[in-house]
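Visitor: Please take a close look at a single part of this model, the place where the two chains meet. I would like one connected account with the cut-offs stated.

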Amino acid sequence: MPHISRMSAVAIGAATLAVFGGIALAAQDKYAVQVPDGISLSDFRGYEGWAVVSVAQTKDVLKVIVANPTMIAAYRSGIPGNGKRFPDGSKIAKIQWTPKKSTEAPFDVNVPDHLQDIFLIEKDSKRFPKTSGWGFAKFNYATQTDSFSPDGKGTDCGYACHTPVAKKDYIFHPYQKR
Amino acid sequence: MLRVAWARKDISIAIVAASLAAMGGAAIAQQNKDTVKVPDGLALSEFKGYEKWQVIGVSQNNNIIDVIVGNPEMIAAYQTGLPAEGKKFPDGVKMVKIHWNAKKSPDGFPALVPDTLHDLDTMVKDSKRFPDTGGWGYGQFNYDTASDSFSPLGKGPGCGFSCHTKVAAKDYVFTTFPKR
């Protein structure tokens, strides 16, 4: 029953949007997306508003790294440089865009073009004991359908890659001065 | 030579760290964020809390990499579809561009990451206060790592106006709000 009423509500909502000539909002509830046997994007609800940890650029992407208040507080207390580990509940998201040259700026500058993917890491020592307490997930974004899809399965997709910085509690990016 | 320079830097960092530890102070002890002000222009304190503001966008040019953040009013304006031709941002919106010197990733990845803080560029909309510059006040605060302090660049609130005039039709704002 709850399922049916929820479905009806969604249907009514969709119909309402359609009546109003609704824009792309109708697309996807991104917080319903989950990695099979892994992390749900809803674990990171609100990441759009989190504070900045750092930024980076590679040949292919321009990115910003943001973290939840628990993790930002940990960074500001000196973790991981002080040898302590990030507490359970720490969450960090890396948002990656394909870059493009700005056509407006009066100088040569790369700015975000399309969203490519988001990488998510969360600390929960009980839930992720085999990967030093961290759970990893990656969601790819498709501009055409305005939707996210999980990459791979399970919770360890980034662990091997992050092992070189085990001393920094598996986190590459330091909190940048600002 | 480079190694010597690095070694010296390490030593001075160690000394600073030791001094800070002795004072029992957090690493933010010496900053003048609350007092630095452009003569006849913006005070950095008008942007209090920018350290935790939401991301608008990022950009990179040559050896500089930056993030642009906005206050809640600015983010709300972006979410209504601004900047757009002919539309104005409301009074009270504020944004800060944090520029870092870029360096190669120390972890061996082919990536550029922030090194030291270079400067902060600030913008605030107040049509009554800044009638001569499209309603926007501009400020730039350069950061000096050695003294851990900011200093204002130039004077008055108009420093970014001529540069931003190129996008006057979009209320002088270059940065868009990419999907995330």
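Guide: Two residues are in contact if their C-beta atoms, placed from the backbone, lie within 7 Å. The model is predicted, so local features need pLDDT of at least 70 and side-chain atom pairs count only at pLDDT 80 or more, while totals for chains, interfaces and linings use all residues. Residues are numbered from 1 along each chain as its sequence is written, and chains are lettered from A and ligands numbered from 1 in the order in which they are written.

By that contact criterion, 31 residues of chain A meet 28 residues of chain B. On the chain A side, the elements that give two or more residues are β1 (51-57), β2 (62-67), β3 (91-101) and β4 (110-123). Helices (H or I, at least four residues) and strands (E, at least two) are DSSP runs, numbered from the N terminus. β1(A) gives the most, with 6 residues. By class, this side of chain A has 19 nonpolar, 6 polar and 6 charged residues. Here Ala, Val, Leu, Ile, Met, Phe, Trp, Tyr, Cys and Pro count as nonpolar, Asp, Glu, Lys and Arg as charged, and the others, Gly among them, as polar.

The nonpolar core comes next. Such a core is a set of buried Ala, Val, Leu, Ile, Met, Phe, Trp, Tyr and Cys residues joined through C-beta atoms within 7 Å. A residue is buried if 20 or more other C-beta atoms lie within 10 Å of its own, exposed if 12 or fewer, and partly exposed in between, with C-beta atoms placed from the backbone. The largest core holds 77 residues, of which V64(A), V66(A), V67(B) and V69(B) touch the most other members. Neighbours within four places in sequence aside, V64(A) is in contact with V52(A), V55(A) and I95(A), and also with V55(B), V58(B) and V67(B).

The strands also cover a helix in each chain. In chain A, helix α2 (residues 69-76) has M71(A), I72(A), A74(A) and Y75(A) buried. These residues line one face of α2(A), because they fall within an arc of 160° seen down the axis; the arc is that of the directions from the helix axis to the C-beta atoms. Their cover includes β1, β2 and β3 of chain A. After α2(A) comes G78(A), with a positive phi near 110°.

In chain B, M74(B), A77(B) and Y78(B) are buried in helix α2 (residues 72-79). They lie on the same side of α2(B), because their arc around the axis is only 100°. What covers them includes β1 (54-61), β2 (64-70) and β3 of chain B.
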